[in-house]
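Here's a quick tour of the aromatic rings in this one. Have the viewer open and follow along.

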Amino acid sequence: MNDFWIACGHHLLDREAGGGLCVTDEFLKAYFVRPELSPPDEACPVERRLHRELLAAPRRAVGADEIAAIADADARENWRLVLAVRDLLVRHPTLEAGYLATVRSGTNELPPLFVNQLVHVILRNALDGCDDPFVLRAAELFFRPQRILPQERALLLGDEEVVGGQSPTPVLSLMSMLGAVTDAELEVLSESNADDYWHRSDHFDMTFDLTAGGRGPRALAQAMARWISHLLGIDVDIEPLRELRDARLTWYVGLDADATRLGDRLWHGEELDDRSAGRVLSLFRLTFADTNAAVDEMQGEPVYLILAMNSDQKLRMKPQNLLTGLPIKHLERVT
């Protein structure tokens, strides 16, 4: 079986009987060796001692007064944030339980960087054994912001960090015929190069085709179903749609902040103008394998999922919405 996303650190974690990931000292140490936490030559003795002692005993209690005694203000903030993540992970039996507790609390105390790292490694666990590179590339949307690269007949997504760093200009087919070039060499994941994903998965450098009716939306649907099953213990079927035609929008989940706002407008009976409707990237219909899993008023009814880009043509998916926004009776994780 091919391995993937090695850089997320899943090899440093243990797995409990139910399938969840248990934090280890080795995983915690990986946080403490980050460049932001490695004391520079001019660091104060308090910071140097804290760093040294946490590498030796990564679960050691650290008081607020100890952080306050660090001379450098940026270092104090970095230590405060990373210790909040450390405390979250050691406070819960699994990473999955810690992540669920965070998203259900509705607080935004952890920086997006750390939240995305948690999603990354939890998804690696949820997708363990997956042999479909299209599903894995689709799952990158959960924790890697994407930039939309529109083509005349395709909807392409490129990793924002990778694509942004190369400062590309989206090339339309007309421009291609005129000889236009870009700074970036963007290779679209396809049947012919899918096997390359396995040795490139940590580079996030393959473009993803999310064109309606193609393999991309189906792959994203599978990734979302695996995410829900792993974290909530509920089996669902998710079907990509080309459009919402004559659908009774009894319940919807926005898969990002912009999709939520668009869904709210539809919910209140507002018709979307062409510009707003054009920001919708994908639509899905979710049904529960066990209708009794849904709240009484939604039993037998579908849930619609909306994915959209923002005004800057970027996508920042919020996978926590799939866990907190569904009309489920019981939201207890079973693994």
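Start with Trp 227, which is buried at a relative accessible area of 0% (buried means under 20%, exposed over 50% and partly exposed in between, with a 1.4 Å probe and protein chains only). Keep in mind that this is a predicted model, where local features need pLDDT of at least 70, side-chain atom pairs count only at pLDDT 80 or more, and totals for chains, interfaces and linings use all residues. Residues are numbered from 1 along each chain as its sequence is written, and side-chain values use heavy atoms, leaving out hydrogens and water.

In total there are 11 aromatic pairs. Rings of Phe, Tyr and Trp (its six-membered ring) pair if their centres lie within 6.5 Å; planes under 30 degrees apart are stacked, over 60 edge-to-face, and the rest tilted. Two of the pairs look like this:

| Pair | Centres | Planes | Type |
|---|---|---|---|
| Trp 5 and Phe 143 | 5.1 Å | 80 degrees | edge-to-face |
| Tyr 99 and Trp 227 | 5.7 Å | 65 degrees | edge-to-face |

Trp 5 sits in the segment before β1 (14-15) and Phe 143 in the loop between α7 (133-139) and β3 (146-150), so their pair ties together parts 138 residues apart in sequence. Trp 5 is buried at 0% relative accessibility, and Phe 143 is buried at 5%.

Tyr 99, buried at 1% relative accessibility, belongs to helix α5 (residues 95-105), while Trp 227 is in helix α11 (residues 215-232), 128 residues apart. Helices (H or I, at least four residues) and strands (E, at least two) are DSSP runs numbered from the N terminus.

Ring pairs also join Trp 5 and Phe 143 with Phe 4, Tyr 197, Trp 198 and Phe 204 in a cluster.
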